[in-house]
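Please keep the sequence and the model at hand while reading.

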Amino acid sequence: MREDLPPLTDSPEATPDSPVPGSTDGGDDLARSRRRLQLDGLGIIASAGGFGFVYGLAARAAGFSPLESSGMSVIVFAGAAQFAAVGYVLGGFSWLGIVVLTAFLNARHFLYSAALAPYLGDVPRPVRAVMAHVLTDEAFALTIAHFRRIGRADTWGYWWAAIMTTFIPWNVASILGSLVGGQIPDPSRFGLDVIFPAAMAGLAVGLVTGRRELVAAVVGAVAAVGVGLAWDPAAGIIAGGLLGPLAGLATPRRASDRPHEAIIVFTPTMDDPSATRPDGSR
Amino acid sequence: MSTTYVWLALLMGAVTYPWRAVPLLTPGMHRLPRLVQEYFRLVGPAILAALAAVNTFVVIDARRHPTAHVGIELLAVGLCVVLVAARRGLLVGLVAAAILAATVRALSGG
């Protein structure tokens, strides 16, 4: 635990969904936030499973063996880049072009990593090295919302978001898809294509706790669409992630915005849900 | 069983991992100046909104040419946002969004 750090995050107000860090029912706060994380993750599981299956089918159709398609899911573990790679292999692109495109598509992960790093400072470095490999859009979205709710890190929550809701469904489904083969279904028939943007938007709403966050989100969205249309969607996402926070910083806080009083407690709680808070509460 | 593309996966992984790992493994990331901390705190809402917006309004063809798109996805995402804002929970929002999109497409023959 660290109590010597400056304030880092907003202090969520006492609502049913966002308990105050340091409150006397800290263990309840953690348990409640974990339950919400698990519920929120159910939709992500459906989305990851559906698209993982389609990826497996697409890879099989492009001539990948099951070992190759599932190897890519385990080693790269980045859906957009994997779909692009399969398409480019089918189109006869060079490996160099595919690798450069992958680096470009996945550059946004740097921002996820930087945003999570302050929370995970006291997690052992080898563990962080493994955490980095499974850091995806979905893992970041679920984790940052969970960390903000409890005002500190929770490694159990990170593993749940990254492994249980994304890594396992994606990999199991992609193996199944590559083994089953056959005609590629259209996920949009079942509405699966809207789950990802809806989940990102819904989790963004949960992070908007004041005017700065609202401006960051709106500017991020507008910049992303503008740059995405003018250049490339991947560049748009990076532009939104870079410009949105700048606009947020330039926005003066209102007096009614939630104060920055929370202290991040760097306590790995992967196996210890009863971890204590600075005030000794559980 | 062919393993050729496993090597491609290794190369793709090699250029992906540094993006994910460098900030997490850099010492002192939790002792950054307050302004930088605040910037990174705002990355969350900004980039999640960016992901949602791009996946709602921009579609790409096989050659990665982007075009603007306004369709049922906008209504579905909007419904999810409204439900989350009304504290109905993300799962409820996601299910409602998926049902809305699937139903409208089925009714319109899409």
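## Chain B on its own

In chain B, 23% of the contacts between residues at least 6 apart in sequence join residues at least 24 apart, where two residues are in contact if their C-beta atoms, placed from the backbone, lie within 7 Å. The model is a predicted one, in which local features need pLDDT of at least 70 and side-chain atom pairs count only at pLDDT 80 or more, while totals for chains, interfaces and linings use all residues. Residues are numbered from 1 along each chain as its sequence is written, and chains are lettered from A and ligands numbered from 1 in the order in which they are written.

Chain B has four helices and two strands, arranged along the sequence in the pattern α-α-β-β-α-α; helices (H or I, at least four residues) and strands (E, at least two) are DSSP runs numbered from the N terminus. The radius of gyration of chain B, taken over C-alpha atoms, is 20 Å, whereas a compact globule of 110 residues would have a value near 13 Å, by a rule of 2.2 Å times the number of residues to the power 0.38. The C-alpha trace of chain B spans about 55 × 50 × 30 Å along its principal axes.

## Where chain B meets chain A

Contacts between the chains link 70 residues of chain B with 90 residues of chain A. Helix 2 of chain B gives the most to the side of chain B that touches chain A, with 22 residues. The residues of that side comprise 51 nonpolar, eleven polar and eight charged, where Ala, Val, Leu, Ile, Met, Phe, Trp, Tyr, Cys and Pro count as nonpolar, Asp, Glu, Lys and Arg as charged, and the others, Gly among them, as polar.

## Helix 10 of chain A and its partners

Helix 10 of chain A packs against helix 2 of chain B at an angle of about 35°, with their axes 7 Å apart; axes are lines fitted to C-alpha atoms, for helices over the stretch in contact, and angles run from 0 to 180 degrees between N-to-C directions. The residues that make this contact include A:Gly220 and A:Ala224 of helix 10 of chain A, and B:Ala46 and B:Ala50 of helix 2 of chain B.

Helix 10 (residues 211-230) of chain A also packs with helix 11 (residues 233-249) of chain A, at an angle of about 150° and with their axes 7 Å apart. These two helices of chain A are therefore roughly antiparallel to each other, a term used for angles over 145 degrees.

How values were computed:
Parallel < 35°, antiparallel > 145°, perpendicular 65-115°, else oblique.
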